[in-house]
Amino acid sequence: MAPEPSAPQPSAPVTPYRRVPRTDTVLADPRLAEAAVRLGPVLVKQAVRRAQDMVRAAEVMPERIGDVAVGLLPDHATTLRPVLNATGVVIHTNLGRAPLSAQARAAVDIAAGYVDFEYDTDTGRRDRRGRGVLDALRAAVPDAGDAHLVNNGAAALVLVATALAQGKEIVVGRGELIEIGDGFRLPDLLVSTGARLREVGTTNRTHLGDYRAAVGPDTAFILKIHPSNFRVEGFTSEVPVAELATLGVPVVADIGSGLLRPDPLLPAEPDAATWLRQGAALVTASADKLLGGPQAGLLLGTQELIDRLRRHPLARALRVDKLTLAALEATLRGPEPPVRRAVHIDPERLRERSAVLAAALTARGLDAAVTPHEGAVGGGGAPGVALPGFAVRVCEALAAPLRRGRPAVVGRTAQGALLLDLRCVPEERDGDVLAATVAAALSVGLIALAGG
Ligand SMILES: *Cc1c(COP(=O)(O)O)cnc(C)c1O
């Protein structure tokens, strides 16, 4: 048995571990010292530790550790990484749902500082919080007497159920009791407020008579939920809001995706204006689905009910912050948000952009071809609605390096290939998708550097 070495012998091979430069030595690199001031020390140390791991794994020469650590530094003090969404799925919950418009981003930047958020600069007195966004909502949906905002669509339902139905009954169609994702179920959410659910009808068919028989002195309201993430086909029937509104109790309608007006491309998707006009007393929706804004929950309806919601103690716990209100106001007042543009993109334009990308990739020696590809609304919206379009088909081996690149590009792997769908990529970023794909192909050796 060899004795434990007490000190390295001059001739002994240096173990890889000993060659890993010490953290403080690496941090003395002026580029990392500057980054520690700009980004804070934690993220810089993280980058150094990852670079040390790479040296330890013999992936990197010790003398290059500074360059490698600098390369691993994030651009900003967040671990969130920007992603180019090349999946063709417009509202991708895992990719943060709706991307904000340039106007909404600018509004967030303004709101991030001191602002006249609850303050009237004319009088120097306190002003109503969120006045601008509520005005914009009422202008966008004139059928609503008033509006209120909470943190998300689920919070809107919780507030309505708590304020209006605690200890009472909510009458709801059995086919509308949905799970909204990540294991959260609307019936559980509603019952957690102390309301009782009175389920009517069957999974596939519910009639006006079912509701009529269930409505009684204990009924707080009838709840109509748009089953946004699935479709029942075949022998089905549901009761329109206009008929439910004849039963003498308020109808609360959860439209889910936040369309304020009808969208001809999405005929099955309910909108706030139509359901209010049909007699819904309240409409609830998410702001970060088809509305294309930040995460928030919209409540639109009669002045009397909105007042009750606004005054309920729970409203304070669910209230939205200034960044969200600013982004939402700019989404409502500003130009068409990216989500709407992506849904309504001209398939022909998509084909042209795909052809340009495929040709540029082919010119660099990569196999790439334009192929028809259907996009989707996603995020639990417009199930079964295919958005006609095109994608560029490349080798599946590019998926992982593209995901890990800067910026990350997330495509769709299907049929043994990677499909890059430009629907949700801002047109001015097409060149970035090209550059990222070439870089990914180089990194996995699919192509070689041209010209030597
Ligand atoms: C998405 C959705 C919800 C939940 O809204 P969040 O904003 O995600 O909380 C509730 N109901 C319906 C019908 C939905 O589509």
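1. Start with the lysine: the unreviewed UniProt entry puts "modified residue: N6-(pyridoxal phosphate)lysine" at Lys 289. UniProt positions follow the numbering used here, feature names are shortened, and such annotations may be inferred rather than shown by experiment.

2. Before going on, a word on the model: it is predicted, local features need pLDDT of at least 70, side-chain atom pairs count only at pLDDT 80 or more, and totals for chains, interfaces and linings use all residues. Residues are numbered from 1 along each chain as its sequence is written, and side-chain values use heavy atoms, leaving out hydrogens and water.

3. Where does Lys 289 sit? In the loop between β11 (282-286) and β12 (297-301); strands here are DSSP runs of E, at least two residues, and helices are runs of H or I, at least four, numbered from the N terminus.

4. Lys 289 counts as buried because its relative accessibility is 11% (buried is under 20%, exposed over 50%, partly exposed in between, with a 1.4 Å probe and protein chains only). Beyond its neighbours within four places in sequence, Lys 289 touches Ile 91, Arg 97, Ala 98, Gly 256, Ser 257, Val 339 and Gly 379, contact meaning heavy atoms within 4.5 Å.

5. On the domains: the chain splits into domain 1 (16-72), domain 2 (83-93 + 340-443) and domain 3 (101-335), with bounds from an automatic or database assignment. Between domain 1 and domain 2, the C-alpha centres are 34 Å apart.
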